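Please prepare a structural briefing on the model shown below.

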Amino acid sequence: MYKFKPILKTLVWGTESWVLSGVPGNESVVAEGPEAGRKITELYPGQFPLLIKFIDARRDLSIQVHPGDALAAERHGCKGKTEMWYVIGANPGAKLISGLKEKIGPDDYVRLVAEDRITDVLSEHAVSPGDVFFLPAGRIHAIGGGCYLAEIQQTSDITYRIYDYNRPGLDGKPRQLHTQEAKDAIDYQVYPEYRTPYEPKRNAPVELVRCPYFTTTLYDLSGSGRASSEPFSRVGSGVSVAQPDSAEGAAAAPDRFLIAVGLSGSGILRTESDETTLREGEAVLIPAGEGGVTFHPGPEGLKFLTTHP
């Protein structure tokens, strides 16, 4: 199993910690063990498909949108960006933006940006810890100040900035907007719900998101946490997670890795050949071929996500 050195970024609105990245120029480096110092690109053939971040927003992020695969390939020669957020912490009154609350078209969008009124048509959501938002490419979105969240996304750093509250960047100059680029990327549909509903459970898996790019599951384990639903089996005081795809009764896929993302608490991860720890703000990469991993929560419990392509 692999843990990586976080890539820390200071931005005009707060900080990001990229805990697992294959983005060119920002490749994660193994932090410990016999392969310490090696980049993720040396461990995984081809481009690593997922990017895992922790985002601490002290001020509102810019309002933005990401292109889908086809538009990103045409314009930038790379993948698009579908993502999800899991809210870990939220100050009183914290909000974020996801989607449109009223129907507009491309020309309406350009006019509203020019008139400084684009926020009038955006759907704003008060948030609390545990909230989940799935953001397919094309959905307008923004994280509000006072939010601390985990982000799982495709490996892409293509962002079209729609509106930035007329504030200067770290260099004192206004940050560039991408009004025309975003015009062709936006999904102009209005949807009845933008928050991802789920029923929280203790000591049992809760699938949050399943899309063509990643499947993400939440675990909230008590100090004696156990899970009995397939593909999980009781293993001492831990929970055993089978390899991706075995939930449907298929054989474990040898080319499918698993990533564990620590949200709170701590615990020990064990596979047939290795052992490591998982704490808040960390990600652990469990390689394909391990046959599953067992999570043993500490006395304070362990809350974490697992995700895989």
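Glutamate 282 is found in the loop between strand E20 (275-279) and strand E21, where helices (H or I, at least four residues) and strands (E, at least two) are DSSP runs numbered from the N terminus. The model is predicted: local features need pLDDT of at least 70, side-chain atom pairs count only at pLDDT 80 or more, and totals for chains, interfaces and linings use all residues. Residues are numbered from 1 along each chain as its sequence is written, and side-chain values use heavy atoms, with hydrogens and water left out.

**Glutamate 282 and its surroundings**

- Glutamate 282 counts as partly exposed because its relative accessible area is 21%; buried means under 20% relative accessible area, exposed over 50%, and partly exposed in between (1.4 Å probe, protein chains only).
- Leaving aside residues up to four places away in sequence, glutamate 282 touches Lys3, Phe54, Ala260, Val261, Gly262 and Thr277, a contact being heavy atoms within 4.5 Å.
- Valine 261 is 21 residues from glutamate 282 along the chain, and their C-alpha atoms are separated by 5.9 Å.

- Two strands pair if DSSP finds at least two bridges between them.
- E19 and E21 run antiparallel and are joined by four bridges; leucine 258 stands opposite isoleucine 286 in E21.
- With strand E22 (residues 293-308), E19 pairs in the antiparallel sense over ten bridges, and the bridge partner of leucine 269 in E22 is phenylalanine 295.
- E19 also pairs with E20 in the antiparallel sense, over five bridges, with serine 266 opposite arginine 279 in E20.
- Strand E2 (residues 7-11) runs antiparallel to E3, and five bridges join them.
- Threonine 10 has threonine 15 as its bridge partner in E3, and a hairpin through two residues joins E2 to E3.

**Nonpolar cores**

- A nonpolar core is a set of buried Ala, Val, Leu, Ile, Met, Phe, Trp, Tyr and Cys residues joined through side-chain atoms within 4.5 Å.
- The largest nonpolar core has 29 residues, and those with the most contacts inside it are Leu20, Phe48, Tyr86, Leu208, Ile259, Leu285 and Leu305.
- Two or more residues of this core come from each of strand E3 (14-20), strand E6 (50-57), strand E8 (83-90), strand E13 (147-154), strand E15 (206-210), strand E19 (258-270) and strand E21 (283-286).
- Another core, of 23 residues, lies apart from it and includes Ile63, Ile118, Tyr160 and Ala182.
- Not counting residues up to four places away in sequence, leucine 305 touches Tyr86, Ile152, Leu208, Thr216, Thr217, Leu218, Ile259, Ala260, Val261 and Leu263.

**Pocket and cavities**

- On a 1 Å grid over the protein atoms alone, a cavity is a set of points where a 1.4 Å probe fits but cannot get out, and a pocket is an open set with protein on both sides within 12 Å along at least five of seven lines; lining residues have an atom within 4 Å of a point.
- Grid points are joined across faces, edges and corners, and a volume is the space filled by probe spheres set on the points.
- The largest pocket has a volume of about 430 Å³.
- Of the 24 residues that line the largest pocket, Glu16, Lys53, Gln64, Asp157 and Thr159 lie nearest its centre.
- E2, E3, E6, E8 and strand E12 (141-143) each supply at least two residues of the lining of the largest pocket, with the largest share, three residues, coming from E12.
- The lining of the largest pocket has eight nonpolar, seven polar and nine charged residues; Ala, Val, Leu, Ile, Met, Phe, Trp, Tyr, Cys and Pro count as nonpolar, Asp, Glu, Lys and Arg as charged, and the others, Gly among them, as polar.
- Two cavities of 30 Å³ or more are found in a search of the whole structure.
- The second largest cavity holds about 40 Å³ of space and is lined by Gly99, Leu100, Arg139, Ile140, Asp187, Gln189, Tyr191 and Tyr194.
- Its lining divides into four nonpolar, two polar and two charged residues.

**Alanine 114 and the chain as a whole**

- Alanine 114 lies in helix H3 (residues 106-114) and counts as exposed because its relative accessibility is 65%.
- Alanine 114 and tyrosine 163 are 49 residues apart in sequence and 9.8 Å apart in space, C-alpha to C-alpha.
- The chain has four helices and 22 strands, and buried residues make up 53% of its 309 residues.
- Among contacts between residues at least 6 apart in sequence, 72% join residues at least 24 apart.
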